[in-house]
Every structure is written in structure tokens, then in C-alpha cells.
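Welcome! Please take a moment to look over the sequence and the 3D view, and then read on for a short tour.

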Amino acid sequence: MLKARKANRVLKIPDEKKKTYIALGYTITDMDGNMIHEHVEPSEKLEQAEKEIKDLKEKLEEASKYAENADKKIEDLEKKNAEAEKEIKDLKAQVASAGATEQAATPAPETKKTTKASSKAEK
């Protein structure tokens, strides 16, 4: 046995009649009050669907704006990264050329003679 409810009317119905009462717009529960089928008016479903569509459109618009801004930010960051890499490359080249000219300009240090024979020869 099941209970069929519509407005103030509550009926006890056999299990076989469940589909019939659902089609008539009744809410169906078991004898303990557990919900089996809840009837919702089509106009209520339509209102809920329209509200959900509106909310989803707003979220889509917000996501589109965010994506556009993100693309612009990515493009700007890629440009800055390319400029920084070029600057690093130029600085490395300057360091390398400065190091090569410094080595060429610095004279080789003289070696000291540490043997006894060479020190006697100088005297």
C-alpha cells in the first residue's frame, strides 16, 4: 500500500495504481511517509529552469571576460619574458667579451727563481 497526496486529499492506493496517480499529479509516499515520487507543477519547473538558464548565462559571460583578460595577461608576460631573455643574452655576451679583453690586457706574472744557483748568479 502507498499513500497518494494532492492538495488536502490523501488516499491509500495499491502499488499497482502508482503510475496512474503520478499521471494525475499526486505525490506518492509509502505508508511510513518516505517519498517515492514528488509531484512538481510544470510551471514551477519552467520557472526553475529559466532561473538556472539566467544564472548559467551570467556565469558564462563572467568566464568569457576572465578568459579574455587572461589571454591578454599571458601575451604581455610572454613579451616581457622574451625581452628579459634577450637582455640576459646581451649581458652574457658583454661579460664574455669583457673577460676576454681583460685577460688580453693583463700581463702574465713573472716567475721568481727560487733555486740557489739562480740567486748566486744574480749577485
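Predicted model: local features only at pLDDT ≥ 70, side-chain atom pairs only at ≥ 80, totals over all residues.

## The overall layout

How much of the protein is buried? Of its 123 residues, 9% are buried.

## A residue with positive phi

Let us begin with Ala7, which sits in the loop between strand S1 (2-6) and strand S2 (9-13). Its phi is near 55°, a positive value in a residue that is not glycine. Is Ala7 buried or exposed? With a relative accessible area of 65%, Ala7 lies over the 50% cut-off, so it counts as exposed.

## An aromatic pair

The structure contains one aromatic pair. Its partners are Tyr21 and Tyr26, whose ring centres are 5.1 Å apart. Their planes meet at 75°, so the pair is edge-to-face. Both Tyr21 and Tyr26 are buried.

## A patch of negative charge

On the surface, a patch of negative charge brings together Glu41, Glu44, Glu47 and Glu50. One of these, Glu41, is found in the loop between strand S4 (35-37) and helix H2 (42-105). Glu41 has a relative accessible area of 39%. That value falls between the 20% and 50% cut-offs, so Glu41 is partly exposed.

Conventions
Residues numbered from 1 in each chain as written. Heavy atoms only, no water. Helix = DSSP H or I, 4+ residues; strand = E, 2+ residues; numbered from the N terminus. Buried < 20%, exposed > 50% of the residue type's maximum accessible area, 1.4 Å probe, protein only. Patch = residues over 30% accessible without salt bridge, like charges linked within 9 Å, V, L, I, M, F, W, Y side chains within 5 Å. Areas by Shrake-Rupley, 256 points an atom, 1.4 Å probe, with all protein chains shown as cover. Salt bridge = Lys/Arg side-chain N within 4 Å of Asp/Glu carboxyl O. Lys, Arg positive; Asp, Glu negative; His and termini not counted. Charge placed at Lys NZ, Arg CZ, Asp CG, Glu CD. Phe/Tyr/Trp six-rings, centres within 6.5 Å; stacked < 30°, edge-to-face > 60°.
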